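Student: I have a structure open and would like to go through it piece by piece. Could you help me work out what I am looking at?

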Amino acid sequence: QVRLVESGGGLVQPGGSLRLSCVASGIIFNLYNPGWYRQAPGKQRELVAVFTKGGATITADSVKGRFNIYRDGGSNTAYLQMNGLKPEDTAVYYCNVVHWQETQRTYWGQGTQVTVAS
């Protein structure tokens, strides 16, 4: 059974930082490209940052320079380091993994809430 368990969300003041973690089990993590997405109330889910098939990363313009995605294959974990948080970053953040070759093999975590407010 595949599981993606996110953690690290919470309430933070504007300008603060959080690090989200996504621990994967039930898959060979190194065969998957992890990514982070978010969904704010009343809005569609949007890409935040992902690893591509070639190992590069794609980061949304809205978070570029503030957020960074990285991974640790040894611990089957993907991270999203978020600095300089803004109120508009408030959303539920979801971890996603896509098989590097068979892209129909994709899995989602349950989401973790990030709230940026004074």
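Student: Which residues is phenylalanine 67 in contact with, leaving aside its neighbours within four places in sequence?
Tutor: In this predicted model, phenylalanine 67 is in contact with Arg38, Val48 and Thr59, with Leu80, Gln81, Met82, Asn83 and Leu85, and also with Asp89 and Tyr93, once neighbours within four places in sequence are left aside.

Student: And which residues touch the most other members of the largest nonpolar core?
Tutor: That core has 28 residues, and the ones that touch the most other members are Trp36, Val48, Phe67, Leu80, Met82 and Tyr93. The strands β3, β4 (32-39), β5 (46-51), β7, β8, β9 (91-99) and β11 (112-116) each supply at least two residues of this core. As a general background, nonpolar side chains tend to be buried together in soluble globular proteins.

Student: Why is strand β8 largely enclosed by the rest of the structure?
Tutor: Strand β8 covers residues 77-82, and five of its six residues are buried, so the strand is largely enclosed by the rest of the structure.

Student: Which strands are joined to β8, then?
Tutor: Strand β3 (residues 18-25) is joined to β8 by six bridges, and the two run antiparallel. Strand β7 (residues 67-72) is likewise joined to β8 by six bridges, again in an antiparallel arrangement. If you look for threonine 77 in β8, you will find that it is the bridge partner of valine 23, and that aspartate 72 stands opposite threonine 77 as well.

Student: How many residues lie between β7 and β8 in their hairpin?
Tutor: There are four residues between β7 and β8 in that hairpin, and asparagine 76, which is in the turn, has a positive phi of about 55°.

Student: New topic: how many disulfides does a search of the whole structure find?
Tutor: The search finds one disulfide, and it is formed by cysteine 22 and cysteine 95, whose sulfur atoms are 2.1 Å apart. The pair links distant parts of the chain, since cysteine 22 is in strand β3 and cysteine 95 is in strand β9, 73 residues apart.

Student: Is that link left-handed or right-handed?
Tutor: The link of cysteine 22 and cysteine 95 is left-handed, with -75° about the S-S bond.

Student: And are the two cysteines buried or exposed?
Tutor: Cysteine 22 counts as buried because its relative accessibility is 0%, and cysteine 95 is buried too, with a relative accessible area of 0%.

Student: Which residue has cysteine 22 as its bridge partner in β3?
Tutor: That residue is glutamate 6. Strand β1 (residues 3-7) is joined to β3 by five bridges, and these two strands run antiparallel.

Student: What about alanine 24, is it buried or exposed?
Tutor: Alanine 24, which is found in strand β3, is buried, with a relative accessible area of 4%. Not counting residues up to four places away in sequence, alanine 24 touches Arg3, Leu4, Phe29 and Asn76. Its C-alpha atom is separated by 17 Å from that of threonine 103, which is 79 residues apart from alanine 24 along the chain.

Student: Last one: why does asparagine 33 count as buried?
Tutor: Asparagine 33 has its place in strand β4, and it counts as buried because its relative accessibility is 14%, where buried means under 20%. Not counting residues up to four places away in sequence, asparagine 33 touches Phe51, Thr52, Lys53, Arg71, Asn96, Val97, Val98 and Trp100.

Conventions
Residues numbered from 1 in each chain as written. Predicted model: local features only at pLDDT ≥ 70, side-chain atom pairs only at ≥ 80, totals over all residues. Heavy atoms only, no water. Buried < 20%, exposed > 50% of the residue type's maximum accessible area, 1.4 Å probe, protein only. Pairing = 2+ DSSP bridges. Core = buried A, V, L, I, M, F, W, Y, C linked by side-chain atoms within 4.5 Å. Contact = heavy atoms within 4.5 Å. Disulfide = S-S within 2.5 Å.
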